[in-house]
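Subject: The two-chain model, with notes

Hello,

Here is the model I promised to pass on to you. Please have it open while you read, and my notes follow below.

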Amino acid sequence: MTARRVAVRNALGLHARAAARFVKLAGSFQCQIRVTRGARTMDGKSILGLLLLAAARGSELVISGDGVDEVAAVDALCGLVDRNFEDP
Amino acid sequence: MTHLHGRGVADGIAVGRAVLAVRDARQVRYRLASSGVERERQRLRTARERTRVELEEISSRVSRTVGSAQAAIFAAQLLMLDDPLLTRRADELIRAERINADWALERAVGELHELFAREGDEWLRDRVGDLADVGARLRRNLRPGRDPLVDLVAELEPPVVIVADELPPSVAAQIDWSRARGLVSDIGSPTHHTVILLRSLGVASVVGLGGGTDVILPGQMLALDGSTGEVVVEPDELTLARWRDRAAAAEAGQRALDDLRLRPAATSDGVRVRLEANLEIAEEVGRVRDAGAEGIGLYRSEFLLDGAHPVAETEEAQVETYRALLSAMRPLPVTIRTFDAGGRRGDPGAGGGGRRDRFGPRGIRAAVHQNERFRRQIRALARAADAGDLRVLLPFVTAADELRQVRAQIDEIVREAGLAPLPAVGAMIEVPAAALTVDHFAPHADFFSVGTNDLIQYTLAVDRTDERLAGHYEPAAPAVLRLLRRVAVAARRAGRPVSVCGEMAGDPLLVAVLVGLGFRSFSMAPAAIPIVKRTLALVDSGAAADLARRALRAASAADVYAELEPLAEMLTKKTPSMTAGSTKDS
């Protein structure tokens, strides 16, 4: 399993469009993805789950991957969060 | 084993497994046999693919016409569609709990709703709208273009019993009642349109069970008695055996009454009484003839407005339906009432539900507003007329002048289309204003038909579907009887045939009063015909006239029923099982 901590810094947080980008990217990997905020862990391929994390600006997330391509997956997903979900 | 008690509204005994239907029967719940699990999972997968295609289509259209930012809403919905918390969860529920896909989906969406509702964030709570949207689309795609309950009853192993919060008449009309043997419903009254329909089909029904849909679980065995209102949930072996015996006995009693079928109806002193049948669905015409009816006294054409492709939409389809009906009954008469609809929430065309605006533009008032629909129906009727003995009945007439105008309009429609005039056009007497001025109507009507259900409602100012007023809707109320007497006298003086329809006409006790008031023609549910014949054969016309005179002087409905007691006793002795239920509820 690979896991890494990352901070949400964009203004809107993990809102609908951001969550959609995250889920799309997560879906391109084979491994299982989990996203944790505080006490709550959600499936990283579930847009509803990500929305339920209610991760506003400043939240800390732990992204973990479990499977053959876990390293690449966690890298890519953390990168997306770091780039503020590519929000314009 | 649990005993529940509701109001028995349609006689009969039913034993079968429960199928639940809530929210206008859009939401159905049942338990699968283990062999059915794979089919339900496949149904869910297919629905998901259909929904995906639709959402992709919508998304690309919105992106072209509105803009890509707006299309993002549907991109998010597409992701929800594949969300493990939604479809995978529903799939899990189908497997683990052996429940149907509709129910599994309902539960998965419900769980998510709860999670979202708990969040304080308003923005997040707003996402529930998208979730509900996707959920509803998925559900529709489980059985595309079909009523889920109708579809389900056709594929389940019979016999089943439908347990509903409230079953809409348009759904009830499509169900195969040879498979669904009974109905248990949370709300409803003896005069709810669905109940009228089920009574005419002879389907055992118990209504007003309160929280029946909460207490009864899908797949549980139920036994119900539509005359006493008893419902037994999960009866033990012995009880079940006893109920099956009762069901057999009820059928035997029915057969004995069927022997009366070929005898014409008459009082004990030989006064002929004409008994015709109400017809709810055109396909039921065989049943009408079997019951020994002397014609169709009332065909409520509003049913043609229901469904995904209503017959009423085209003139051709209507002509075909009317012709089939007329030739099936030939040479007996068929009375077709023009659409009595309008003002109901949503679809202005939908027929006779509980929410119809009772004082709105309905009957011939709507005919004036929805001119084209009325014109189409009149043309169709005129084109079908030569297939049998057609009588056209105009509903909800309130003033003689209005009737005169509509008749002129009808003549004009027929003339413009180059068709022969309609053979007979009559007026429905269902508003006190009309009942009080029958003499003014006579020049413009070839016959009259008294619609007692509405006449009682309007006379007593009681909405008969309002549960809170259950005891207030009273056919034997002195005001109603006096009004009916006036109608009988005025029609006779004017030389116009008059017939009584509605629940009251099929009541084995009140029909004796009606004969005493001077009526000689009735239209009722086919199932009521043998019972009414039985009553009439026991009553002398002179005694009926005396009875009516006393009833007209009675100060209350209770006094009227007291007058009817000797007759009730006589009937109970002759046919114990058949009258017990109906005397109580009238």
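How many bridges join β3(B) to strand β4 (residues 27–29) of chain B, and in which sense do the two strands run? There are three bridges, and the strands run antiparallel. Please keep in mind that this is a predicted model.

**Around β3 of chain B**

B:R17 sits opposite B:M221 of β8(B). B:A21 faces B:A164 in β5(B) and also stands opposite B:V28 in β4(B). The hairpin formed by β3(B) and β4(B) has four residues between its strands, and B:R23 has a positive phi there, near 50°.

In soluble globular proteins, nonpolar side chains tend to be buried together. The largest nonpolar core here counts 151 residues, and B:V19, B:V161, B:I162, B:L222, B:L381, B:I429 and B:V487 have the most contacts inside it. Its biggest contributor is helix α20 (residues 478–494) of chain B, which supplies eight residues. The core lies between domain 1 (2–25 + 148–252) and domain 3 (263–585) of chain B, because both of them give residues to it.

Apart from neighbours within four places in sequence, B:V487 has contacts with B:I429, B:A435, B:V438, B:V450 and B:V498.

Chain A has three helices and four strands, in the order β-α-β-β-α-β-α from the N terminus. Of its 88 residues, 39% are buried. If you take the contacts in chain A between residues at least 6 apart in sequence, 72% of them join residues at least 24 apart.

The contact between the chains involves 13 residues of chain A and 17 residues of chain B. On the chain A side, the elements that give two or more residues are α1 (16–27) and α2 (47–52). The largest share, five residues, belongs to α2(A). Sorted by class, this side of chain A holds eight nonpolar, two polar and three charged residues.

Helix α1(A) deserves a moment too. Its twelve residues should span 16 Å at 1.5 Å a residue, and its end C-alpha atoms are 16 Å apart, so the two agree. The buried residues in α1(A) are A:A16, A:A18, A:A19, A:A20, A:F22, A:V23 and A:A26. They pack against β2 (32–37), α2 and α3 (70–82) of chain A, together with α2 (68–81) of chain B.

**Backbone points to check**

Most residues other than glycine have a negative phi, and most peptide bonds are trans. Here are the places in the model that I would like you to look at with that in mind.

- A:A54 has a positive phi near 50° and is not a glycine. A:A54 lies in the loop between α2 and β4 (60–66) of chain A. With 19 other C-beta atoms within 10 Å, A:A54 is partly exposed; a residue counts as buried at 20 or more.
- B:E234, also not a glycine, has a positive phi of about 50°. B:E234 is in the loop between β9 (230–233) and α11 (237–258) of chain B, and is partly exposed, with 15 C-beta neighbours inside 10 Å.
- The peptide bond from B:P158 to B:P159 is cis, and its omega is near 0°. B:P159 belongs to the loop between α7 (148–155) and β5 (160–164) of chain B.
- B:R330 and B:P331 are also joined by a cis peptide bond, with omega about 5°. The loop that holds B:P331 runs between α13 (315–329) and β12 (333–337) of chain B.

Thanks for taking this on, and enjoy looking around.

Best wishes

Notes: Residues numbered from 1 in each chain as written. Chains lettered and ligands numbered in written order. Predicted model: local features only at pLDDT ≥ 70, side-chain atom pairs only at ≥ 80, totals over all residues. Contact = placed C-beta atoms within 7 Å. Nonpolar A, V, L, I, M, F, W, Y, C, P; charged D, E, K, R; others polar. Buried ≥ 20, exposed ≤ 12 C-beta atoms within 10 Å, placed from the backbone. Pairing = 2+ DSSP bridges. Core = buried A, V, L, I, M, F, W, Y, C linked by C-beta atoms within 7 Å. Domains from an automatic or database assignment. Expected span 1.5 Å × (residues − 1).
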